[in-house]
Amino acid sequence: MTYQEWQKATKSNSWQNQGKLSDFERENPTTAQAYKKRLETEKKKRSEILAIQDTMARHKAIYENMALFRR
């Protein structure tokens, strides 16, 4: 399971995805832990960028880090 697939599955409330996540975490504990750490790092970075007071600087930072803000 790639990071993007894992990230999408964690956002879903589907019982099927929760089962896939459980299986993945049981079979690949180190990878799952790395994915969780990466997700936390991305959340922290997004929060830091959104906390920038200067509008131009905030927009520049968002533009430079578009991968963090994809929907």
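A67 sits in the segment that follows helix 4 (55-64), helices being DSSP runs of H or I with at least four residues, numbered from the N terminus. With a relative accessibility of 51%, A67 counts as exposed, the term for values over 50%, whereas buried means under 20% and partly exposed lies in between (1.4 Å probe, protein chains only). Between the C-alpha atoms of A67 and Q16, which are 51 residues apart along the chain, the separation is 27 Å. The model is predicted, so local features need pLDDT of at least 70 and side-chain atom pairs pLDDT 80 or more, while totals for chains, interfaces and linings use all residues. Residues are numbered from 1 along each chain as its sequence is written, and side-chain values use heavy atoms, without hydrogens or water.

The buried residues of helix 2 are N17, L21 and F24; seen down the helix axis they fall within an arc of 65°, and so line one face (the arc is taken over directions from the axis to the C-beta atoms). W15, R26 and E27 are exposed on the other side. The buried residues pack against helix 1 and helix 3.

Beyond its neighbours within four places in sequence, F24 is in contact (heavy atoms within 4.5 Å) with M1, W6, T31, A32 and Y35.

Methods. Helix = DSSP H or I, 4+ residues; strand = E, 2+ residues; numbered from the N terminus.
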